[in-house]
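Here is a short briefing on the structure shown below. It goes from the annotated residues to the strands and then to the nonpolar cores.

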Amino acid sequence: MYHLIKQLPRAIIIGVRKGGTRALLEMLSLHPDVVKVSQEVHFFDNDLTYAHGVDWYLKKMPFSFPHQITIEKSPAYFITEEVPERIFKMNSSIKLLLIVREPTTRAVSDYTQVLEGKERKNKTYDKFEELVIDTNTCEVNTKYKAVRTSIYTKYLEHWLKFFPIEQFHIVDGDRLITDPLPELKLVEQFLNLPSRISQYNLYFNATRGFFCLHFNFMFNKCLVGSKGRIHPNVNPSIKEKLQRFFHPFNQKFYQITGRTFSWP
């Protein structure tokens with residue numbers, strides 16, 4: 001036990017909300033050299049917690065062996081203006097993981113999570129189509145947070161004022177659902193970890209419709225039931241309008257990151 005210590009994260013999953021941050025963290029924790037922070041700490045995006053200082057943050061970290069790396073995730077980090085500078089002040093050479101999905105799919109997923117929360121409280125909520133389109137202009141409503149968050153390049157450009165692109169690794173959140181292993185191998189390489197995660201650690205659960213984790217012969221784990229929610233049907237013309245809107249931002253994102261996706 002005396003070898004166990006608390007370490008500040010050497011890698012952070014900074015976002016994006018509804019991109020697959022929880023799945024990524026859980027899957028990376030299959031690696032024997034990775035220790036995950038189970039709860040979202042919200043240290044860098046919350047002024048009150050940030051005021052507690054780095055010692056408070058360190059206390060929130062799990063115990064680990066010196067050779068292991070601690071990873072935390074808080075999806076709000078990506079879109080919160082103060083965060084890049086605050087993380088830079090703590091560790092300017094930290095590795096940053098950003099997991100993204102096709103922007104329209106991500107926006108619908110974001111809406112679905114909020115809708116479910118409203119329904120649990122017996123509250124009504126506007127239809128997705130009514131929120132994403134500005135009724136006055138009939139254009140895409142960029143004031144709606146679910147739309148704004150999907151403009152990845154807008155936030156990434158701000159992060160690049162503090163960190164070089166080499167310190168970011170972009171994870172394909174859509175591929176992590178359908179074929180996780182290749183994405184996890186890329187993350188292992190980025191984090192300079194020995195190759196340990198294998199097909200043995202991942203098995204497809206037909207009932208849930210996505211992959212679950214196999215840690216050892218005694219312990220398996222699936223993500224909680226709220227993951228993989230059924231999305232509402234969206235009017236195809238609205239979907240198309242959103243895809244057209246996101247297209248130029250996506251092209252810019254590919255250019256900056258050097259990673260291309262087959263997004264419409």
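**Arg101 and the model**

Not counting residues up to four places away in sequence, Arg101 touches Lys18, Gly19, Arg106, Tyr152, Gly173, Asp174, Ile177 and Trp263. Contact here means heavy atoms within 4.5 Å. The model is predicted: local features need pLDDT of at least 70, side-chain atom pairs count only at pLDDT 80 or more, and totals for chains, interfaces and linings use all residues. Residues are numbered from 1 along each chain as its sequence is written, and side-chain values use heavy atoms, with hydrogens and water left out.

**Annotated residues**

- The unreviewed UniProt entry lists Lys18, Gly19, Gly20, Thr21, Arg22, Arg101, Ser109, Lys227, Gly228, Arg229, Ile230 and His231 under "binding site".
- The unreviewed entry in UniProt lists Lys18 under "active site".
- UniProt positions are given in the numbering used here, feature names are shortened, and annotations may be inferred rather than shown by experiment.
- Arg101 sits in the loop between strand S6 (95–100) and helix H5 (103–120). Helices (H or I, at least four residues) and strands (E, at least two) are DSSP runs, numbered from the N terminus.
- Arg101 has 15% relative accessibility, so it counts as buried. Buried means under 20% relative accessible area, exposed over 50%, and partly exposed in between (1.4 Å probe, protein chains only).
- Lys18 lies in the loop between S2 and H1. Its relative accessible area is 16%, so Lys18 is buried.
- Thr21 belongs to helix H1 (residues 21–28). Thr21 is buried too, because its relative accessibility is 5%.
- Leaving aside neighbours within four places in sequence, Thr21 contacts Ile13, Gly15, Val16, Lys73, Pro75 and Ile99.

**The parallel sheet**

- Five strands form an open sheet: the order of the 5 strands is S3-S5-S2-S6-S7, and the pairing is parallel.
- S3 and strand S7 (168–172) are the edges, each with a single partner strand, so one side of each has no neighbour in the sheet.
- Neighbouring strands of this sheet are turned against each other by 25 degrees on average, direction ignored. Axes are lines fitted to C-alpha atoms, for helices over the stretch in contact, and angles run from 0 to 180 degrees between N-to-C directions.
- Two strands pair if DSSP finds at least two bridges between them.
- Strand S3 (residues 34–36) pairs with S5 in the parallel sense over 3 bridges. Val34 has Ile69 as its bridge partner in S5.
- Strand S2 (residues 11–15) runs parallel to S5, and 3 bridges join them. Here Ala11 has Ile71 as its bridge partner in S5.
- S2 also pairs with S6 in the parallel sense, over 4 bridges. Gly15 stands opposite Leu98 in S6.

**Strand S5**

- In strand S5 (residues 69–73), 5 of the 5 residues are buried, so the strand is largely enclosed by the rest of the structure.
- Ile69, Ile71 and Lys73 point one way from S5, while Thr70 and Glu72 point the other way; all are buried.
- In a regular strand the side chains alternate between the two faces of the sheet.

**Antiparallel strands**

- Strand S9 (residues 210–216) is mostly covered, with 5 of its 7 residues buried.
- Strand S8 (residues 202–205) pairs with S9 in the antiparallel sense over 4 bridges. Leu202 has Leu213 as its bridge partner in S9.
- The hairpin of S8 and S9 has 4 residues between the strands, and Gly209 takes a positive phi near 85 degrees there.
- Strand S10 (residues 219–221) pairs with S9 in the antiparallel sense over 3 bridges. His214 has Asn220 as its bridge partner in S10.

**Nonpolar cores**

- A nonpolar core is a set of buried Ala, Val, Leu, Ile, Met, Phe, Trp, Tyr and Cys residues joined through side-chain atoms within 4.5 Å.
- The largest nonpolar core has 29 residues, and Trp159 and Phe253 touch the most other members.
- Elements giving two or more residues to this core are S2, helix H4 (83–90), S6, helix H8 (152–159), S7 and helix H11 (236–257). H8 gives the most, with 4 residues.
- Leaving aside neighbours within four places in sequence, Trp159 contacts Ile14, Tyr77, Phe78, Val83, Pro84, Ile87, Leu96 and Phe168.
- Another core, of 27 residues, lies apart from this one; among them are Ala23, Val187, Leu191 and Ile197.
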